[in-house]
Amino acid sequence: MQRFAGPIDAALADRLAQLHSTIFAPLGERSWTAEEFLQSAALASRHIWVAGRSDAPTGLAVTQMVAPEAELLTIGVSPHARRQRLATQLLHSLSSDLAAMGVQSLMFEVRADNPPAVQFYRAAGAVQTTTRPNYYRLADGRRVDALQFCIALGQK
Ligand SMILES: CC(C)(COP(=O)(O)OP(=O)(O)OC[C@H]1O[C@@H](n2cnc3c(N)ncnc32)[C@H](O)[C@@H]1OP(=O)(O)O)[C@@H](O)C(=O)NCCC(=O)NCCS
């Protein structure tokens, strides 16, 4: 697991964008561009975590500090590498790093029609705090609830 808390090179940004697309395009979700990864890495408030080698990443997560909290903006694992606890390791690494930076809780949001992610967050001990009814509008016009979760840091 590697944490990038500063500028990254264009090759890594390209690989992360490719991985993000592999993970999220099948869910019908917008993929982050290489430019977004470059810009995120350059922001002091954002951190990028990468599972696997940086020349062949298999998982990624991006967080945004909003002291004293942090938001998990995205997390995902390549389809071929799932159920090997990579996302669990990413979440543990970023949680302990953020706790060491003084962050007290980690917030995130997930579509209600994404059971693997909901199961993953529940298995990780996240507590559901709010539901935003019909928050997401899908390409076919359907609406899906957003479930908001929180993990208290420093209690692991
Ligand atoms: C959700 C996701 C990140 C889980 O990644 P992963 O590396 O496969 O998860 P882990 O191996 O760490 O799983 C830990 C636990 O979460 C739960 N879990 C994970 N995937 C699950 C699934 N498909 N169905 C049910 N439970 C699941 C299980 O309890 C699992 O423990 P177990 O394997 O011992 O049963 C991955 O499926 C993914 O990238 N999905 C697409 C992107 C996404 O939805 N991201 C989150 C919303 S932004």
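Which element supplies the largest share of the shell around the ligand? That share, five residues, comes from α4.

## Basis of the model

This is a predicted model, in which local features need pLDDT of at least 70, side-chain atom pairs count only at pLDDT 80 or more, and totals for chains, interfaces and linings use all residues. Residue numbers start from 1 along each chain as its sequence is written. Helices (H or I, at least four residues) and strands (E, at least two) are DSSP runs, numbered from the N terminus.

## The ligand shell

The ligand is surrounded by 19 residues, and the closest are Arg-82, Ala-87, Thr-88, Pro-116 and Gln-119. A residue is near a molecule or strand if its C-beta atom, placed from the backbone, lies within 6 Å of it. At least two residues of the shell come from each of β4 (69–77), α3 (86–100) and α4 (115–123).

The shell has 10 nonpolar, six polar and three charged residues. Here Ala, Val, Leu, Ile, Met, Phe, Trp, Tyr, Cys and Pro count as nonpolar, Asp, Glu, Lys and Arg as charged, and the others, Gly among them, as polar.

## The sheet

Seven strands form an open, mixed sheet in the order β1-β2-β3-β4-β5-β7-β6. Two strands pair if DSSP finds at least two bridges between them. β1 (2–4) and β6 (127–137) are at the edges with a single partner strand each, so one side of each has no neighbour in the sheet. From one strand to the next, the twist averages 25 degrees.

β1 and β2 (residues 46–53) run antiparallel and are joined by three bridges. In this part of the sheet, Phe-4 stands opposite Ile-48 in β2.

## Helices across the sheet

Helix α1 (residues 10–24) lies across β3 (56–66) and β4, at about 95 degrees to β3. Helix α3 lies across β1, β2, β3, β4, β5 (105–111) and β7 (143–152), at about 35 degrees to β3. Axes are lines fitted to C-alpha atoms, for helices over the stretch in contact, and angles run from 0 to 180 degrees between N-to-C directions.

Leu-94 is in helix α3. Leu-94 is buried, with 24 other C-beta atoms within 10 Å; the cut-offs are 20 or more for buried, 12 or fewer for exposed, and partly exposed in between, with C-beta atoms placed from the backbone. Leaving aside neighbours within four places in sequence, Leu-94 is in contact (C-beta atoms, placed from the backbone, within 7 Å) with Trp-49, Ala-61 and Thr-63.

With neighbours within four places again left aside, the contacts of Leu-106 include Ala-70, Leu-72 and Ser-95.

Technical notes
Contact = placed C-beta atoms within 7 Å.
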